[in-house]
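Me: I am new to this structure. Please take me through one part of it closely, then show me what lies around that part.

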Amino acid sequence: MEDKNVLQTLLGRKRKTFLPFAVPHITQAEIDEVVDTLHSGWLTTGAKTKRFESEFARFVNAPYAVAVNSATAAMHLALDALGVGEHDEVIVPVYTFTATAEVVVYCRARPVFVDVDPVTCNLDPAQLEQHITPRTRAIIVVHIAGLPAEMDEILTIAQAHALPVIEDAAHAFPATYRGQMVGSISDMTAFSFYATKTLSTGEGGMLTTANSDYAQRASMMALHGISRDAWKRYKSEGSWYYEVLQAGYKYNMTDIAASLGLHQLARSQWLLQRRRAIAQRYTEAFSQWPELETPPNPAHVEHAWHLYILRLQLERLAITRDAFIQALTEARIGASVHFIPLHLHPFYRDSYHLAPHDFPVAFQTYQRAISLPLYPGMTDEDVDDVIFAIEQIVTTYKK
Ligand SMILES: Cc1ncc(COP(=O)(O)O)c(C=O)c1O
């Protein structure tokens, strides 16, 4: 490899400040609502959380929504509602964040990993059936980057085996699949409102479902397993008396977080439009380069564009993915990698005796994936800078 200095190439147009990888988009409306909550004397789960639940449910066309403190909590509650326990298996795509599989471990069940589709990076329906055994209790589907997975195929297989489906929609708000809102498609859907997500409450999550039993169980288990409307016990209309019905969890959302959520939800179409416009600009620029593979955006879905995962055609480049990210850092552009497939992490590798090539698509995708900055607050100049830096690096290192 020729020793070329990307930094030199980029120096002519180096950013004055570092462009962070992700920044939440907070307006005065969110700030005012949080301040109102702080003045109200009621900080934890209360009327604002309940309002956020009902507005979110309406938005995604789900009969029930349970607000919690993370998508991880939402997925754990979903598995609990299904009664998943020891000796059970739950199918999980291997190309995801640890939360998707760790909740299975919380239930003392076993995550059974499935490789992903090479184009979408979502669970490959063609590989699903061969992983179903008599112990399988549920299938978790992840919508990577905000691109909905092939739900028709997945639901057909699930229904043939009478298996419930949980969607990990941590990346997929708002998104649609064949005209249906994600959140209203399968048995239960978990959303994340973590700081980098498309709707952010700092930390937060939501479980949506059309099943009233699941919703009731999840609300109860999210607050210590105590009898319904436990959150009202300090209010005038509530009562000091409560009963613990199960050993539950402490997963409830605070009204401070819900204050953010209410306004993020109201602005969610604008936030999506801005993300979509940035993604379109990236794709227009990068699809000119055979050294780069742009993310798919099929017509039958509405992509939430939480992440823009660019894939390097490494055989056409004299630079590794890690060095590429280093060059971006030198150009003062933040980048990340989504995801380190779960079978490469020591816990999953050693617990389930997994080797890198057990999931070849996930392994190869990981080695060439770079997530670029993508958030509504980016200016057109920020987007130009990212495109310029990527094109300079590719020009410098293309074979
Ligand atoms: C695919 C996926 N699932 C679940 C989560 C967990 O979300 P939370 O932090 O809200 O628990 C994340 C977080 O980044 C994620 O990327």
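Which residue of S5 does Val 141 stand opposite?

Reply: Val 141 stands opposite Glu 167 in S5. Keep in mind that this is a predicted model. Start with the two strands involved. Strand S4 covers residues 136-142, and strand S5 covers residues 165-169. S4 and S5 pair in the parallel sense, over 4 bridges.

Now step back to the sheet. It is open and has 7 strands. Their order is S1-S9-S8-S5-S4-S2-S3. The pairing across the sheet is mixed. Strand S1 (64-68) and strand S3 (110-114) are the edge strands, and each pairs on one side only. From one strand to the next, the twist averages 20 degrees.

Two helices pack on this sheet. Helix H3 (residues 47-60) touches S1, strand S8 (188-192) and strand S9 (205-209). The direction of H3 makes about 135 degrees with that of S1. Helix H4 (residues 71-82) also packs on the sheet. H4 touches S1, strand S2 (89-93), S4, S5, S8 and S9.

Elsewhere, helices pack on helices. Take helix H2 (residues 28-40) and helix H8 (residues 255-266). Their axes come within 8 Å and cross at roughly 150 degrees. Angles over 145 degrees count as roughly antiparallel, so that is how H2 and H8 run relative to each other. Their crossing is right-handed. Residues on the H2 side include Val 34 and Leu 38; those on the H8 side include Ile 256 and Leu 260. By type, this contact has 5 nonpolar, 4 polar and 3 charged residues.

Helix H9 (residues 268-286) packs against H13 at about 30 degrees, with the axes 11 Å apart. Angles under 35 degrees count as roughly parallel, and H9 and H13 are therefore roughly parallel to each other. H9 also passes H13 in a right-handed crossing. Among the contact residues are Ile 278 and Tyr 282 of H9, and Val 383 and Ile 387 of H13. This contact has 8 nonpolar, no polar and 5 charged residues.

Finish with charge. Side chains of opposite charge can pair when their charged atoms come close. The count of salt bridges comes to 18. Asp 385 lies in helix H13 (residues 380-397), while Arg 15 lies in the loop between helix H1 (6-11) and H2. This pair links distant parts of the chain, 370 residues apart.

Conventions. Residues are numbered from 1 along each chain as its sequence is written. This is a predicted model: local features need pLDDT of at least 70, side-chain atom pairs count only at pLDDT 80 or more; totals for chains, interfaces and linings use all residues. Side-chain values use heavy atoms; hydrogens and water are left out. Axes are lines fitted to C-alpha atoms, for helices over the stretch in contact, and angles run from 0 to 180 degrees between N-to-C directions. Angles under 35 degrees count as roughly parallel, over 145 as roughly antiparallel, 65 to 115 as roughly perpendicular and the rest as oblique. A crossing is left-handed if the near helix is turned anticlockwise from the far one by less than a right angle, and right-handed if clockwise. Contact means heavy atoms within 4.5 Å. Ala, Val, Leu, Ile, Met, Phe, Trp, Tyr, Cys and Pro count as nonpolar, Asp, Glu, Lys and Arg as charged, and the others, Gly among them, as polar. Two strands pair if DSSP finds at least two bridges between them. A salt bridge is a side-chain nitrogen of Lys or Arg within 4 Å of a carboxyl oxygen of Asp or Glu.
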